[in-house]
Amino acid sequence: MNPVAQVPTEPSASRSTLFPFLDLQAQFAAIRSEVTLAVERVFETQQFILGPDVQKLERDVAERVGCRYAFGCASGSDALVLALMALGIGAGDEVITTPFTFVATAGSISRLGARPVFVDIDPDTYNLNPEQIKPAITARTKAIIPVHLFGLVAPMEEINAIAQSNGLAVIEDAAQAIGAGYHGSFAGNIGDVGCFSFFPSKNLGGAGDGGMVTTNDSALADRLKLLRLHAAARSTITKSWA
């Protein structure tokens, strides 16, 4: 008599979690003491919003990216919205971007009443294909949002050249690319505005959510400072904690 064949079964839930794609607990274990002290310091001072730790992070990110200005905000999604608002983009405008990205890229455009215009990606890099941008430009186009996917910077030389020749702004979605280099520059310091995310699964993740906007344009910096605090200065928020 032939033995009964063993039918393979699906791995159990417990077995499937033996090798998690992202192990935040292991990361936390390596920096537990440092993080605990930092959290305690914040709770002692009660400076939860744009306090000295946020200011230090802004300075560190600006220095690392090579930009003159860096502004912390609530999330990477808010960073994109703030960048679009600072550039005056709103209802009826069009913004060219990639469909191969997290929904927040296009969602930030739609939230302001503008229209995301998708162009195809390069099949080798999965980043925005510059050759597809020109045919998509119309009289309503105001900006291009390339996404530096998986830490690989999009072809910014070509994208910037197209933007400059057509009077368009360039907003870098660098949510997955903090510290990524490109021809001597860094992601977030190649376009008009750079947008970063500190979502826990990102390259530099936080305990919760967070974002950052970078720029070298002083006029944009002034608008970004006001927009992120409903037109209030940072001192107005932090004065009660002094």
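Biologist: How much space lies in the largest pocket?

Modeller: This is a predicted model, in which local features need pLDDT of at least 70 and side-chain atom pairs count only at pLDDT 80 or more, while totals for chains, interfaces and linings use all residues. Residues are numbered from 1 along each chain as its sequence is written, and side-chain values use heavy atoms, with hydrogens and water left out. A pocket is an open set of points on a 1 Å grid over the protein atoms alone, where a 1.4 Å probe fits, with protein on both sides within 12 Å along at least five of seven lines. Taking volume as the space filled by probe spheres set on those points, the largest pocket holds about 1900 Å³.

Biologist: Which helix gives the largest share of the lining of the largest pocket?

Modeller: The lining residues, those with an atom within 4 Å of a point, number 45, and Leu57, Gly205, Gly206, Ala207 and Asp209 lie nearest the centre of the largest pocket. Among the helices (DSSP runs of H or I, at least four residues) and strands (E, at least two), at least two lining residues each come from α2 (24-45), α3 (52-65), β1 (69-73), α4 (76-86) and β9 (211-215). The largest share, eleven residues, belongs to α2.

Biologist: Which residues lie nearest the centre of the second largest pocket?

Modeller: The second largest pocket has a volume of about 300 Å³, and α4, α5 (103-111) and β8 (193-197) each bring at least two residues to its lining. Of the 18 residues that line the second largest pocket, those nearest its centre are Phe102, Ala104, Ala175, Ser197 and Lys202.

Biologist: What is the relative accessible area of phenylalanine 150, and is this residue buried or exposed?

Modeller: Phenylalanine 150 sits in the loop between β4 (141-145) and α6 (156-165), where its phi is near 55°, a positive value in a residue other than glycine. Most residues other than glycine have a negative phi. With buried meaning under 20% relative accessible area, exposed over 50% and partly exposed in between (1.4 Å probe, protein chains only), phenylalanine 150, at 61%, is exposed.

Biologist: Where is histidine 183 found?

Modeller: Histidine 183 also has a positive phi, of about 50°, although it is not a glycine. At 64% relative accessibility, histidine 183 counts as exposed. Its place is the loop between β6 (181-182) and β7 (185-186).

Biologist: How far is the sulfur of cysteine 73 from the closest cysteine sulfur?

Modeller: A disulfide is a pair of cysteine sulfur atoms within 2.5 Å, and a search of the whole structure finds zero of them. Cysteine 73 counts as buried, at 17% relative accessibility. The closest cysteine sulfur to that of cysteine 73 belongs to cysteine 195, and it is too far for a bond because the distance is 7.7 Å.

Biologist: Which strands do the buried residues of α6 pack against?

Modeller: The buried residues in α6 are Met156, Ile159, Asn160, Ile162 and Ala163. They lie on the same side of α6, because they cover an arc of only 160° around the axis, the arc being that of the directions from the helix axis to the C-beta atoms. On the face turned away from this buried side, α6 carries the exposed residues Gln164 and Ser165. With contact taken as heavy atoms within 4.5 Å, the buried residues of α6 pack against β4, β5 (169-173) and β6.
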